[in-house]
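Here is a friendly walk through a ligand site and a group of aromatic rings. Please keep the viewer open as you read.

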Amino acid sequence: MTERTLSIIKPDAVGNNHIGEIIARLEKKGLKVVGAKMVHLNEQKAQQFYEVHKERPFFKDLVSFMITGPVMVMALEGNNAIKEYRDVMGATNPKDAASGTIRADFATSIDENAVHGSDSKENAEKEISFFFKPEELLSRTR
Ligand code: CMP
């Protein structure tokens, strides 16, 4: 089933110049970039994006980290894109991430964990529309 999911390359990975290596891994998995931009979130935008976590103890630190530098946001498309991308990302905590996954190789802690990915179809739709206007999402005609 063709799906779309949202990917964020977080400020740590952007700062470490790992954008290209991360995208290369997605593309090798067959995921296609159908929308992409760099943004520097402000506090309000970061709080809105992570609203589901607002009661969690890590919320404040998460928001502070996400505004430390620009992020790369991408809409990815592919067969079972949500699960495929979660598989390439690896576990949220890099200590638990399988070897060869993005987080195992590029993340330094559960807070600075290199990438974000949507966890369900419903959230993927919400998260993609948070960052992209419909006309910024392109059909991969080839
Ligand atoms: P992400 O997939 O972007 O979603 C929420 C983020 O909160 C998560 O990645 C982690 O970077 C961060 N976080 C920090 N502590 C925790 C925790 N205990 N459980 C889940 N996420 C956490």
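The report below turns to the ligand and then to the aromatic side chains.

The model is predicted, so local features need pLDDT of at least 70 and side-chain atom pairs count only at pLDDT 80 or more, while totals for chains, interfaces and linings use all residues. Residues are numbered from 1 along each chain as its sequence is written, and side-chain values use heavy atoms, with hydrogens and water left out.

**The ligand site**

Around the ligand you will find K10, Y50, H53, F58, L62, T92, R103, I110, D111, N113 and H116, where being near means having a heavy atom within 4 Å. This shell divides into four nonpolar, four polar and three charged residues. Three of the shell residues are set out here with their polar contacts (pairs of N or O atoms within 3.5 Å).

| Residue | Atom on the protein side | Distance to a ligand oxygen atom |
|---|---|---|
| K10 | polar side-chain atom | 2.7 Å |
| R103 | side-chain N or O atom | 3.5 Å |
| I110 | backbone N or O atom | 2.7 Å |

On its own the ligand has 460 Å² of accessible area, and the protein covers 80% of this (Shrake-Rupley method, 1.4 Å probe).

**The aromatic rings**

How many aromatic pairs does the structure hold? There are four, counting rings of Phe, Tyr and Trp (its six-membered ring) whose centres lie within 6.5 Å. One of them joins F130 and F131, 5.0 Å centre to centre with 80° between the planes; the pair is edge-to-face, as the planes are over 60 degrees apart. F131 is buried at 8% relative accessible area (buried means under 20%), whereas F130, at 22%, is partly exposed (between 20% and 50%). F49, Y50, F130 and F131 form one aromatic cluster, and Y50 also belongs to the ligand's surroundings.

Note on methods. A polar contact is a pair of N or O atoms within 3.5 Å; within protein, one must be able to donate a hydrogen and the other to accept it, and residues adjacent in sequence count only if both atoms are side-chain atoms. Ala, Val, Leu, Ile, Met, Phe, Trp, Tyr, Cys and Pro count as nonpolar, Asp, Glu, Lys and Arg as charged, and the others, Gly among them, as polar. Rings of Phe, Tyr and Trp (its six-membered ring) pair if their centres lie within 6.5 Å; planes under 30 degrees apart count as stacked, over 60 as edge-to-face and the rest as tilted. Buried means under 20% relative accessible area, exposed over 50%, partly exposed in between (1.4 Å probe, protein chains only).
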